[in-house]
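Hi,

Here is the structure I promised to pass on. Have a look at it first, then read my notes below.

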Amino acid sequence: MKKSHKHKHKKQKPSHKAPPKHKAPAFKPADLYGFHAVVAAWLNPERHVEDLYCTENAAQGFEETLKAARSQNIERPEPIILDKRDLEKLLPQDAVHQGLALRCKPLPEFGIEDLVIRTKDHDHALFVMLDQVTDPHNV
């Protein structure tokens, strides 16, 4: 009589491990944010723009600005689409961003003398100086 060799197979326990999380790319914090600030900076040929961060919805609303920059031959980087949470990580807490943020270099600073020299050949020049404006909606 042959002995039957039963092989006991160990049952594999189902894996309850979550799939590995992929780290989001590290983006540098934004310098400007909000629709009007980003549009003005984007269309200013004097402004060196490094990155445009936007949500998918904001990118659709920004399409006309992208076209305007192209028509003026202003070179700009391609927009980086982020979800709202990732965008907010690049901004100050509670920033009102409207889904748009820009990483850019600051414009050169001018002294009042520079402005006077630049406008010396104009018949009329108006200078408005503001100090300690904390809410841009009040301007």
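To start with, is aspartate 86 buried, partly exposed or exposed? Aspartate 86 is partly exposed, at a relative accessible area of 24%. For these words, buried means under 20% relative accessible area, exposed means over 50%, and partly exposed is in between (1.4 Å probe, protein chains only).

Before going on, keep in mind that this is a predicted model, where local features need pLDDT of at least 70 and side-chain atom pairs count only at pLDDT 80 or more, while totals for chains, interfaces and linings use all residues. Residues are numbered from 1 along each chain as its sequence is written, and side-chain values use heavy atoms, with hydrogens and water left out.

Now the salt bridges (a side-chain nitrogen of Lys or Arg within 4 Å of a carboxyl oxygen of Asp or Glu). The whole structure has 6 of them. Aspartate 86 pairs with lysine 89, with 3.5 Å between the closest N and O atoms. Lysine 89 is exposed, at 66% relative accessibility.

Glutamate 88 and lysine 84 form another salt bridge, at 4.0 Å from N to O. They sit 4 residues apart in helix 4 (residues 84-88), so about one helical turn separates them. Helices here are DSSP runs (H or I, at least four residues), numbered from the N terminus.

In helix 3 (residues 63-71), glutamate 64 and lysine 67 are 3 residues apart, again about one helical turn. Their side chains meet in a salt bridge of 3.8 Å, N to O.

Finally, look for Glu50, Asp51, Arg103 and Lys105, which salt bridges link into a network.

Cheers

Definitions and conventions:
Helix = DSSP H or I, 4+ residues; strand = E, 2+ residues; numbered from the N terminus.
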